Amino acid sequence: MNKTIGFIGAGKMATAIIKGLLKSGLFDKNHIIASEPNKDYAHKIEKELGIKMVHNNREAAAEADIILLAVKPFVVKEVLTEIEDRIDNSKVIITIAAGISSSRVEEILEKEARVIKVMPNTPALLGEGMSAVCKGEHATEEDFETVIKIFESVGKVIKAKEEDIDAITGVSGSGPAFYYYIIDAIAKAGEKLGLDYKTALMLSAQTALGSAKMILESGVEPQQLITNVTTPGGTTAEGNKVLNESNISDILFETVEKTAKKSELMGKQL
């Protein structure tokens, strides 16, 4: 791709995406630029990845055809105001901040910008991310497909409607933290039953990984997979009974629901 992508912010998510782009060959190092105020960190990233690092957001925005905002939600408005005069309708803007919609970016810029909203998650650091991509009103189909390719370099991608992004944030954007909690809780249960915690954690985490792959690769519905692994009157059936008689489904629904509502609230406040 002959276009240049500029990252405003070079934190973990940004560097994960950059590594994915370089590995996939979608962009070469001469067409990637990132801004980072911490000079020591910027030098480290520049040396590690071979991309151009600058300390000024305006410089990165000016050189880029595609601008990816990889900053915290509460500074998005400040950053967009800073680089506003470096953005015209020839540039594509990607926002990955929770609660920041494409329409909100347009409002801040006070122009019909070509914006794509993306909700990625942290497993992108390992190339196993899950990203939802939403096309803004003024973005083109070509813009949309380009951004999809960018995030396919760090995992799986779905096309989504922006009105669903808060629910998506609850399920996948914040979802890794909830799975970490469950994996840790099962490992700690094993520890209480006499296992070494590290051993129990490996058992729990690998079982979660394998189970997730079964869902993704077999095409079999989760309820059928539960049936497949459950022998009537057996060990799994005993554990299933505890789950079915508990309120764990209600707790998980409330977890996702409150996360989604927080995302919606943040969007209104910023």
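Select Glu59 and Lys52 to begin: their side chains meet in a salt bridge, with 3.9 Å from N to O. A salt bridge here is a side-chain nitrogen of Lys or Arg within 4 Å of a carboxyl oxygen of Asp or Glu. Side chains of opposite charge can pair when their charged atoms come close. Glu59 counts as partly exposed, at 33% relative accessibility, and Lys52 is partly exposed as well, with a relative accessible area of 36%. (Buried means under 20% relative accessible area, exposed over 50%, and partly exposed in between, with a 1.4 Å probe and protein chains only.)

The model is predicted: local features need pLDDT of at least 70, side-chain atom pairs count only at pLDDT 80 or more, and totals for chains, interfaces and linings use all residues. Residues are numbered from 1 along each chain as its sequence is written, and side-chain values use heavy atoms, with hydrogens and water left out.

**Further salt bridges**

By the rule above, the count comes to 13 salt bridges. Select Glu48 and Lys44 next. They form a salt bridge whose closest N and O atoms are 3.7 Å apart. Both residues lie in helix 2, four residues apart, about one turn of the helix. (Helices, H or I with at least four residues, and strands, E with at least two, are DSSP runs numbered from the N terminus.) Glu48 is partly exposed at 43% relative accessible area, and Lys44 is partly exposed at 47%.

Move on to helix 8, residues 175–192, and select Asp184 and Lys188. Their salt bridge has its closest N and O atoms 3.0 Å apart. How far apart are Asp184 and Lys188 along helix 8? They are four residues apart, so about one helical turn separates them. Asp184 is partly exposed, with a relative accessible area of 22%, and Lys188 counts as partly exposed at 41%.

**The nonpolar patch**

Remain at helix 8 and select Tyr179, which lies in this helix. Tyr179 counts as exposed, at 56% relative accessibility. Which element gives the most to the nonpolar patch? Helix 8 does, with four residues.

Select strand 2, residues 32–35. In a regular strand the side chains alternate between the two faces of the sheet.

Show strand 1 (residues 5–8) beside strand 2: the two run parallel and are joined by four bridges. Two strands pair if DSSP finds at least two bridges between them. Within this pair, Ile8 stands opposite Ser35. Strand 1, helix 1 (residues 12–24) and strand 2 make a right-handed β-α-β unit. A crossover is right-handed if, with the strands pointing away from the viewer, the path from the first strand over the helix to the second runs clockwise.

Strand 3, residues 52–54, pairs with strand 2 in the parallel sense over three bridges. Ser35 stands opposite Val54 in strand 3. From strand 2 the chain crosses through helix 2 (residues 39–49) to strand 3, and this β-α-β crossover is also right-handed.

**Two final stops**

Select Ile158 in strand 8, residues 155–159. Ile158 is partly exposed at 40% relative accessible area. Leaving out residues up to four places away in sequence, Ile158 touches Met130, Ser131, Ala132, Val133 and Ile168, where contact means heavy atoms within 4.5 Å.

Finally, select Glu110 in the loop between helix 5 (102–109) and strand 6 (114–119). Glu110 counts as exposed, at 72% relative accessibility. The phi of Glu110 is near 60 degrees, a positive value in a residue other than glycine. Most residues other than glycine have a negative phi.
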